[in-house]
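Please look through the sequence and the three-dimensional model shown below, and keep both at hand while reading the explanation that accompanies them.

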Amino acid sequence: MAGRRKRYSTESVSVETDLAEALSYLEGLGAKRHKAMRRILGGIGTAARAQVRKAYKSHGLAKGSGALYKSISRRVIRSGKAVIVEAKASSQETKVFYGYALAKGARITAKDGGYLTFQKDGKWVRVHSVKLPERDFVAAPVKKYLSTTAFKTKLDQLVQREVARIEKESKR
């Protein structure tokens, strides 16, 4: 991967052990494992995304244009074995993904030896480069959420929803 820049940050956190028992139970009731897992992971991802948005300001981020905040999303990967919560905001002109730069920290340098000009605390500043500090605004809230009782409650709700879906399909 030498020479390629990462476009956005992804960190994985396993919830496989939490799901194994529930999926075995649902399979015993006649559920299709892959579809049930995708639906459960989607629900967990949605709840985790909400936690990231809730903790957004506490990580020193302001909504500003709102592009970064709005780009916080969740997606279940094609294999249906994981859900990814990420912030993929990018600049329209340069196509640079700044969600990754904010999450992992980065040095931003002006092109062609010029200056970066921006406002800081109401005053205009001109510098050749700036170092962004690392702000773990995505992975930390997700990891925290997965260790709470709220996660366990949400998982139970999602499993109950799958049980209700199986019962409804069996009555047809």
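The paragraphs that follow take up confidence, a pair of strands, a helix with its salt bridges, and a loop residue.

The model is a predicted one, and the mean pLDDT of the protein is 82, with 88% of its residues reaching 70 or more. Over residues 1-6 the pLDDT is below 50, and beyond near neighbours in sequence this stretch has 2 contacts in the model. Among the elements of the protein, helix H1 (residues 16-28) has the lowest mean pLDDT, at 75, whereas strand E5 (residues 123-127) has the highest, at 94.

Strand E1 (residues 72-76) and strand E2 run antiparallel and are joined by 5 bridges, with Arg-74 standing opposite Val-85 of E2. Between the two strands of this hairpin there are 6 residues, and Gly-80 takes a positive phi near 80 degrees. Because 4 of the 5 residues of strand E2 (residues 83-87) are buried, this strand is largely enclosed by the rest of the structure. A salt bridge also connects the two strands: Arg-75 pairs with Glu-86, the closest N and O atoms being 2.9 Å apart, and the partners, in E1 and E2 respectively, are 11 residues apart. Glu-86 is buried, with a relative accessible area of 1%, while Arg-75 counts as partly exposed at 34% relative accessibility.

Helix H6 (residues 149-171) has 23 residues and reaches 33 Å from its first C-alpha to its last, close to the 33 Å expected. Its buried residues are Phe-151, Leu-155, Leu-158, Val-159, Glu-162, Val-163 and Ile-166.

Finally, Lys-57 lies in the loop between helix H2 (33-54) and helix H3 (67-70), and is exposed, with a relative accessible area of 61%. Although Lys-57 and Phe-137 are 80 residues apart in sequence, their C-alpha atoms are 9.0 Å apart in space.

Notes: Residues numbered from 1 in each chain as written. Predicted model: local features only at pLDDT ≥ 70, side-chain atom pairs only at ≥ 80, totals over all residues. Heavy atoms only, no water. Buried < 20%, exposed > 50% of the residue type's maximum accessible area, 1.4 Å probe, protein only. Pairing = 2+ DSSP bridges. Expected span 1.5 Å × (residues − 1). pLDDT = per-residue confidence, 0-100. Contact = heavy atoms within 4.5 Å. Salt bridge = Lys/Arg side-chain N within 4 Å of Asp/Glu carboxyl O.
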